[in-house]
Amino acid sequence: MKRTIGITLLEFVKLVKKREFLIGLGLVLVMGGGMVYGAYSFPDSFGVHNVIAFFGNFSSILIMFLAAKSLGEEFDLKTATFVFTSRSSRLQIATAKIVGVALASMLVGLCGGILNDIALVICKQPWTPAVLAGAIGKEILIYMVYGFAIGATAVMLTCFYNTTITPLIYLIILFWVMPGILQIAGQKIPALGKIMDYVLFCVSDQFLMYQDWSMKNIAVFIGTGIVFSMVGMAALQKKDL
């Protein structure tokens, strides 16, 4: 356990020190700041809730990129054989990759929570220190769960495709394109619409952008993340490196 924790912290530090992460987070904050300005200057067109929704939309791309890069980079740089034949087991490394993405996502959520608090204050919405602290804590929790599910999905895909770009494309299709297609199909097939409420890809926008962190959605994210983690780790154990 101690070794797994150590590897996880190393993965987290490696992710957040990446130039792509720092640039991506900076861009997300700039865009989110623009939404804060919009909520302040055009209250009839923008609301405080739009700030966190737009921030979630932008940050989801960053988290998907980090998740795909986490394990995929080992194959891209031809370091997978060295990493997976080290003293740490493949399961420990895969776990560290997934949890590292979740921790990095928590940092993104912290930034989102701070932006949300700034919007509440400058837009003169009712607030107390407890409300502001609660909003930050809520964002951190939501982004942690989201990052875990995205990380598990990315690691599973990478175990089959051995690269960064293909899992990233699949993540974008699954979480951005497929929900719209299934929603259209669900309007014509009522039974499909009910099933979609329990499909990770279809509830991701509700969870991240619209802050619907009901027990059902949390269970969908955590449950699917665990299943995808197990599938990915099983594939990784059988992989000949």
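A pocket is an open set of grid points with protein on both sides within 12 Å along at least five of seven lines. The model used in these exercises is predicted.

**Exercise 1. Describe the largest pocket: its volume, its central residues and its lining.**

Step 1. Start with volume. The largest pocket has about 240 Å³.

Step 2. Go to the centre. The lining has 13 residues, and those closest to the pocket centre are Pro179, Gln183, Met196, Cys202 and Gln206.

Step 3. Assign elements. At least two lining residues come from each of helix H7 (165–188), helix H8 (190–196) and helix H9 (200–208).

Step 4. Sort by class. Six lining residues are polar, five are nonpolar and two are charged.

**Exercise 2. Find the cavities of 30 Å³ or more, and work out what lines the largest cavity.**

Step 1. Count. The search of the whole structure gives one cavity at that cut-off.

Step 2. Take the volume. The largest cavity holds about 60 Å³ of space.

Step 3. Read the lining. Gly56, Asn57, Ser60 and Met64 belong to it, as do Tyr146, Phe175 and Trp176. Ser204, Asp205, Leu208 and Met209 complete the list.

Step 4. Assign elements. Helix H3 (48–76), H7 and H9 each give two or more residues to this lining. H3 has the largest share, with four residues.

Step 5. Sort by class. The cavity lining has six nonpolar residues, four polar and one charged.

**Exercise 3. Classify the aromatic pair of Tyr146 and Phe221, and explain which parts of the chain the pair ties together.**

Step 1. The whole structure contains seven aromatic pairs.

Step 2. Take the geometry. The rings of Tyr146 and Phe221 lie 6.0 Å apart, centre to centre, with 40° between their planes. Planes under 30 degrees apart would count as stacked, and over 60 as edge-to-face. The Tyr146–Phe221 pair is therefore tilted.

Step 3. Locate the partners. Tyr146 lies in helix H6 (residues 129–161) and Phe221 in helix H10 (residues 215–238), so the pair ties together parts 75 residues apart in sequence.

Step 4. The cut-off for buried is under 20% relative accessible area. Tyr146 has 2% relative accessibility, so Tyr146 counts as buried. Phe221, at 0%, also counts as buried.

Step 5. Widen the view. Ring pairs join Tyr146, Phe207 and Phe221 in a cluster.

**Exercise 4. Identify the ring under the charged end of Lys216, and give the distance.**

Step 1. Find the ring. The charged end of Lys216 sits over the ring of Tyr198.

Step 2. Check the distance. The cut-off is within 6 Å of the ring centre. For Lys216 and Tyr198 the value is 5.4 Å.

How values were computed:
Residues numbered from 1 in each chain as written. Predicted model: local features only at pLDDT ≥ 70, side-chain atom pairs only at ≥ 80, totals over all residues. Heavy atoms only, no water. 1 Å grid on protein atoms, 1.4 Å probe; cavity = no way out; pocket = protein on both sides within 12 Å on 5 of 7 lines; lining within 4 Å. Points joined across faces, edges and corners; volume = space filled by probe spheres on them. Nonpolar A, V, L, I, M, F, W, Y, C, P; charged D, E, K, R; others polar. Phe/Tyr/Trp six-rings, centres within 6.5 Å; stacked < 30°, edge-to-face > 60°. Buried < 20%, exposed > 50% of the residue type's maximum accessible area, 1.4 Å probe, protein only. Lys NZ or Arg CZ within 6 Å of the ring centre and 35° of its normal.
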